[in-house]
Amino acid sequence: MSAQDEPAAKRPRTEDEAANAPGDETETKEAETSGQPPPESIRELEEDAPGSTASTIAVAPRFHTKDTTLNVLPSTRSNLLMPLSDGGIQHLLAGARSSVGITKGRYMFEVKVVAHANNADLYSHKTLGQRHVLRVGFATSDSNLFLGDTSDSICFDGDSLLHNRVRTKCCERSGSLNGSVLAVVLNLQEGHANFNTVSLFKDGRRLSQPQALPDRLKGKALFPAVTFKNITSHVNFGPEPLAPLPFKCRMVQGAAKTDAEVVEAEAPADGKYDVLVPVGLPDEGTFDWLDTFLEQNQKYTELSDRMILDWAERSGISRNRGYAPNARSCRDKPEMSFGVKDLDDDSIRRAVYSIAPIQERHYIVMEVRGNLLREEREALLARFSAATFRRVAHIVVGEPTPEYKQKVQTIVLQQKQEQSDKLFALQQLEKKRKKELDKLRAKAESDAAMSNDEPSKHSQDEPDEEMAEEPPKAELTPEEQQLNFRPSEVKDLTPAVLSASFSKFTLPEKSEGFDAVNYEWAKGAECAEYLQEWILERKVTTRVEDIKASPWFTQQLKEWQRVLGQWRAKQSEHRAQEIKKAAERNAKQKAKMSEAAAKKGQESAGVAKAEAEGNAEGEEEAKDAKAEFADADKEPEAAEDAEREADEKAQAFWQDLDIFGVDDVLDVASADGGGGPPLFRDFLPEDWTLMNFAFELNLLVHAFQRDIDDSDRAGIHISHLDFYYKKYFGKDLRPRDFGVATLADAVDLVGEGAMYVTPKGVVSSQLPAETETYGVFAKLVEEARRYRLLRMDLGEDVALKVSAQYHAPGQHGKGHKGGYRGDGGKNWQRAVVDGGWKHHGRQQQSQPQQQQQQLPPQVVPHPQQRTWRPHTSRPQQSQLQAVRPPRNPTLQTTPRPQQSQPPAQKLQPPPAPPSQRVLPPPPAPRRR
C-alpha cells in the first residue's frame, strides 16, 4: 500500500493538505458563509458554455472492471451501478472511476439515485456505520476507489460535506436523495472566476458555492468517480443532462479531445488475465515484497484477508480492537472481530473468492500459509479457469536482492526517524512548559518586588530566546544494516498455525497446474535447499501445539508414582525404627543411672556404718563391696563403648558409601555386611521434589520423541520446556519454584549430567526411557544432596529453595496430613531469611540443621542441653537438636541457638561424664 493510498487516519497531512484542509479529518468545519445569503440569492458566476467546433472524444465514458471494486456490478451500456447485497459484502463501500478524465475546460456529470436497499435487520449494529452512502466527485487515475479517503480525490456526499481527507461542511443538508439527481461541475477554465473549483447541484439547483481544488489536484487529469453503499445509481455522462442547470454546461461525454484524457481498457494479448501466487516463508519479506510489487503494478487486485480488513476500515466499520497493526494476531489471517455475524463468519472472503473468477481483471492472491501447501494451491487454481486466466507462481524464498535489502533498510530508518521525531517533539513541549513556568515565576517575583518598592531582578522587556533546534537524525545500527527482512511485532502466522503446518510446506511446481513458475530471489535447487534448512531449524525452535500424551507416558507415570509411594513408606518405617531404638537406648540409660545411684547409696551406707561401728572387718567388707560395684560399672561402660564404636563405624561407612555401587536402594548393606537403611533415609521434602523432577524430565524427553515420531526433531527446545511440561503433567514449570533464574538452571539441578542442554538449546537425557528399577534417580539425588551439603559446610549458599506449591506427590499437596501442620505448607516462603524459612513470622531451621534432625540420635547432650519437662506432644526443634549428631566429624558445624533463649544460655559448659548423661524421651512419630 503506497503512502497516498493509506486512510486519512493512518497518514499525516502534507503542508499543502494542511493549508487547504485545516483541522482533523474527523472534524466537520462549518462553512464560512454564516450570515451570508443562501446560494439562490448569490449571483451565478457560471455562464453558458459557448459553442465549440472542436472534435470530441470518440469513446463514451465507461467504467472498466479494474477501476471498480469487487462488489460493483456495472451494466454494459447504461452505466448503472449496483452493489452486491449478500454474503456480508453489502456492508462494504463500493467504488467506481470513469475512463475519461478532464484536464481543462468546464464539464459536468450526473448521478441519479435509482433505489435504496432497506434492510433494518442488517443495520441494527452501530458497528456498520451509515446505512446508505453516496459520494460523487473527481479523482486522479492512480487514486484508490474510495472518494475522499486520500488527498488524490475530492467529492461531495449526501450530507452536503466536502471530502478531501478532511470533511468540510459546504452547504445545508439536501434531504432525501432517493430519486434525486446530483450534478458535479468541474471548472478548469483558465481566467474564469471559478477556475480550479468544483460545485454541487441537486435537481438543477446549486447546493454549494464553488469549492477550491487542493493544490495536489491542480494540473492533473481528474476522472469522475462514485462511492456508494446500498444504493443503486445511474451515472449520466451525457450528451444531455437529466436535470438542466441554471446555465449550459458541457457533459463529460462531449469533452473535446484536447480537454480530456481517455484510459483504454488493457486487454491481454492472449486473452488471459494473470493470477499471481506469491510463495514466501513466514516473516521473511512476504508482505513487503507484495507492497513493492503493487506499487509498480497497479493493474493487479490483491486478494487476501489483509485486503478485506483494510476494505472494512475504509468503509467506516468499527472493529473491537481497532485497525492498528499491533491490534492483529497475525498478518496472514487476522481475526475480524467486528461483532457482526456476516463479517466475522468468513462470509466476505467466500463472497470475494466467488466473485473474482467471473470478473476480467488481474489478481495477486496473497496467502502466506495457503500458498505454501500443495493441496491449498491446487484448490486455489481450481477456482480460476485455465481458459480465462494465466496462473503463475512467484517464489520469493532465499537471499533477497540488493534492491530489496536497500528498501528494507530505508523503511527501518524511516520508522526510527518517526519515533525519534515524536520523542523530540515531546521533549520540546516539556522545555516550553518549563520555560512558561519560569516566566510565571519571574513575573510573580517581579510583582512582589514592586509591591514592596524593591527593584525587580527581572526585566519586563527581556526578549524570549527561541532555541531553534533540529530533530536529531536517526541512524541504522550495524545489526540493522545487515537485515535481510524488516522485523515486525505482528508475525505473518500465529504460533499455533505455524507449528501445525510448517513441516508440510512445499514449493510450487508446474505439475500442480501452474502455467509458469518464476523465482524472484534464490533459483531452483538453491531455493529448495533453503526451504529444507528452514524447516529443520523450525522443528527445533517451534513447539507442537496439538501434541498429546500417549498411553505409554501415562503408564510410566503411574508406575513411578506407585514406586515413589513405596519409597516414602520405607523412609517412614526406617525413621520409626530409629526412633524406637533411641527410645530403648534412653530407657536403658535411665535404668543404668538408677541402678548406679542405688548401688552408690548402698556403698555409702555400708561405709558409713563401718565407720560408725569402728569395725576393721566391716571396713574391709565395705572396700570389697566398693571394688565389686566398680567392676560392675565397667561392664555397662564396655558395652556402651562397643555400641558407640559400632555407631561410629556405621557412620563412617555411610559417609564413605559408593552411592552408584549400591545394588538395592531400599536396603543399603551395613559395615558388617548385614541389612541397612534405604539410600534415601536422609531425604528432605526438597530432595523428594528434586528426584520427582528428575524422573519427570527424563520421562518428558523420551515421551516427546515417541509422540512426535519425527526423526528430524532433535528434542524439546529449552524455550519450550515449560510448554510441554504443562501439556504432559498438567502443571506449571517455573524456574523460581526451584530457586533458580532460568529453565536451564532448573535442568542443571539434576546431578551427574544425567539431564543437560545441548549447544543448540535442546534438552537431552543420558538415561534410558525404561529401566528395570528407578534406583538411578535416588542415586542421582543422594549424590547431589551430599555434594550440596559439603558446599554448604564450606559457606556456599547452595541450599535448595523449592516453592511450597511445588512438591513431589505426598509432600504438601492436597490431602497431606504430615509435615507443616495447620496450613498444609501453603504459606511457607522458601526464600532463605536469616538462615531459615519464614512462616507466618516464625523462624524454621535452615536446611543443614534440618538435615541433622533427620539422622538417628548418636550423641548424648550435656544435662543443661536436655532440660525439659515430660509431655505427650511433639518435642520442639531445640530439644531435638540436642540429640542430632554431626554429619561429618571433619566438617562439624555448630547449630544456631534458638533466638528465644537468653544470652546466658548460649555458652555451653563442657560435657559431663558418660555416667551422668540422660537421654530425653523419644519424640512422637509423625502422622502420615
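Analyst: This is a predicted model. Its largest cavity has a volume of about 40 Å³.

User: How many cavities of 30 Å³ or more are there in the whole structure?

Analyst: A search of the whole structure gives 2 of them. The second largest cavity has a volume of about 30 Å³.

User: Which residues line the largest cavity?

Analyst: The lining consists of Q556, F695, N698, P768, A769, E770, T771, Y774 and F777. By class, these are 5 nonpolar, 3 polar and 1 charged.

User: And what lines the second largest cavity?

Analyst: That lining is formed by L92, I308, L309, A312, I317, M336, F338, L343 and I348. It has 9 nonpolar residues, with no polar and no charged ones.

User: Which helix gives the largest share of that lining?

Analyst: Helix 3, which covers residues 305-314, supplies the largest share, with 3 residues.

User: Let us stay with helix 3. At what angle does it pack with helix 5?

Analyst: The angle between helix 3 and helix 5 (residues 347-355) is about 110°, and their axes are 11 Å apart. The two helices are therefore roughly perpendicular to each other. Helix 3 passes helix 5 in a right-handed crossing.

User: Which residues meet there?

Analyst: From helix 3 there are D305, M307, I308 and W311, and these meet I348, R349 and V352 in helix 5. The contact divides into 5 nonpolar, no polar and 2 charged residues. I308 and I348 are also among the residues that line the second largest cavity.

User: Now a different region, please. How do helix 13 and helix 16 cross?

Analyst: Helix 13 spans residues 685-708 and helix 16 spans residues 775-793; their axes come within 9 Å and cross at roughly 135°. Helix 13 and helix 16 are therefore oblique to each other. The crossing of helix 13 past helix 16 is right-handed.

User: Which residues make that contact?

Analyst: Helix 13 contributes D687, L690, M691, A694, F695 and N698, while helix 16 contributes F777, A778, V781, R785 and R788. By class, the contact of helix 13 with helix 16 has 7 nonpolar, 1 polar and 3 charged residues.

User: What is the angle between helix 13 and helix 14?

Analyst: Helix 13 packs with helix 14 (residues 721-729) at an angle of about 90°, with the axes 11 Å apart. That makes helix 13 roughly perpendicular to helix 14.

User: And which residues take part?

Analyst: On helix 13 they are F693, E696, L697, L699, L700, A703, F704 and D707; on helix 14 they are L721, Y724, Y725, Y728 and F729. The contact of helix 13 with helix 14 is made up of 11 nonpolar, no polar and 2 charged residues.

User: One last topic: where is E480 placed?

Analyst: E480 lies in helix 8, which covers residues 478-481.

User: What does E480 touch, leaving aside residues up to four places away in sequence?

Analyst: With those set aside, E480 touches Q409, V412, K416 and E475.

User: How far apart are E480 and V412, in sequence and in space?

Analyst: E480 and V412 are separated by 68 residues in sequence, and their C-alpha atoms are 8.0 Å apart in space.

Technical notes: Residues numbered from 1 in each chain as written. Predicted model: local features only at pLDDT ≥ 70, side-chain atom pairs only at ≥ 80, totals over all residues. Heavy atoms only, no water. 1 Å grid on protein atoms, 1.4 Å probe; cavity = no way out; pocket = protein on both sides within 12 Å on 5 of 7 lines; lining within 4 Å. Points joined across faces, edges and corners; volume = space filled by probe spheres on them. Nonpolar A, V, L, I, M, F, W, Y, C, P; charged D, E, K, R; others polar. Helix = DSSP H or I, 4+ residues; strand = E, 2+ residues; numbered from the N terminus. Axes fitted to C-alpha atoms, helices over the stretch in contact; angles between N-to-C directions. Parallel < 35°, antiparallel > 145°, perpendicular 65-115°, else oblique. Left-handed = near helix turned anticlockwise from the far one by under 90°. Contact = heavy atoms within 4.5 Å.
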